[in-house]
Amino acid sequence: MQDTKRTGSSQVLITRILVAVLWPVWLISPILAQAQSGSGATVDPAVIEDLVAANRILADQGVLDGFGHVSIRHPANPAHLLMSRSLAPALTTAADILEYGPDCNAVDDRGRASFLERFIHCEVYKARPDVKCVVHTHSPGVVPFAASTVPLRPMYHVAGFLAAGVPVFEIRKAAGMTNMLIANAALGKALAETLGDKPVVLMRGHGNVVVGPSVQTAVFRAVYTEINARLQTQALALGGAVTYLEPEEGAKADIIQQQVVMRPWELWKAKAMAGK
Ligand SMILES: [Zn+2]
């Protein structure tokens, strides 16, 4: 009996020692696996759900149609990003999300096509460590401002982020005559340089790129860039002088808007995901 007890307690002791020695290895084994493969880090399903919601919200709000895309910086691997395969944004599901490495190729494309303009996303993340989400749109109300000498400026407080200034990317300066698509790293880099430290850059003859420190803020900005553009067109059509937000007003308003960004996000998400 005593021997059995002793054997039993020895086994418990050995087990405890093994657990104490090995648990840190177990804890970091997923990280080691990621480091070895350079990718494939597990992503919280809630993060993927928000990325899917972002695609559907922007389609629902008329900012994206059959074209355009949204990406997020990979939460566990900042040099990588997550984005849908080539697909109309309104149709995106969690199964369509692919991971891209710094070379802007899918880590595992599972036989699926990628967006031609994915270089927009890859190069913006490289240039802007503060950016966690990138949206590329052909936002219809914005396109006239990308083609005009009239700058896009903030009409009201919810678009205060535009007060930082909205540069326009002229693709001819970077590459002469093109098909207008940002389909390689050099063009993506040139576009990211024009964006600079701003939240929005317009693309002449094409659309825009909107960025933010979260998926919610980037979606908010993409929606209100479109609405602001339409309001500004209406104000200009009135014919009188238009008074825009001052840079200081815009900066102050943007701080508040970022604090309440979840309110429209929850509304837009509920509408866009209803019945999905
Ligand atoms: Zn495009």
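Helices (H or I, at least four residues) and strands (E, at least two) are DSSP runs, numbered from the N terminus. The model is predicted: local features need pLDDT of at least 70 and side-chain atom pairs count only at pLDDT 80 or more, while totals for chains, interfaces and linings use all residues. Residue numbers start from 1 along each chain as its sequence is written.

Seven strands form an open sheet with mixed pairing, in the order E3-E2-E1-E4-E7-E6-E5, where two strands pair if DSSP finds at least two bridges between them. Strand E3 (97-100) and strand E5 (168-169) are the edge strands, each pairing on one side only. The pairing of E3 with strand E2 (residues 81-84) is antiparallel and spans 4 bridges; within it, leucine 81 has tyrosine 100 of E3 as its bridge partner.

Helix H3 (residues 119-127) lies across E1, E2, E3, E4 and E7, at about 145 degrees to E4. Helix H7 (residues 215-238) lies across E1, E4, E6 and E7, at about 145 degrees to E7. Axes are lines fitted to C-alpha atoms, for helices over the stretch in contact (C-beta atoms, placed from the backbone, within 7 Å), and angles run from 0 to 180 degrees between N-to-C directions.

Most residues other than glycine have a negative phi. Arginine 110, in the loop between E3 and H3, has a positive phi near 50 degrees. Methionine 180, in the loop between helix H5 (171-175) and helix H6 (185-195), has a positive phi of about 80 degrees. Arginine 110 is exposed because it has 9 C-beta neighbours inside 10 Å, whereas methionine 180, with 16 other C-beta atoms within 10 Å, is partly exposed (buried, 20 or more; exposed, 12 or fewer; partly exposed, in between; C-beta atoms placed from the backbone).

Key:
Two residues are in contact if their C-beta atoms, placed from the backbone, lie within 7 Å.
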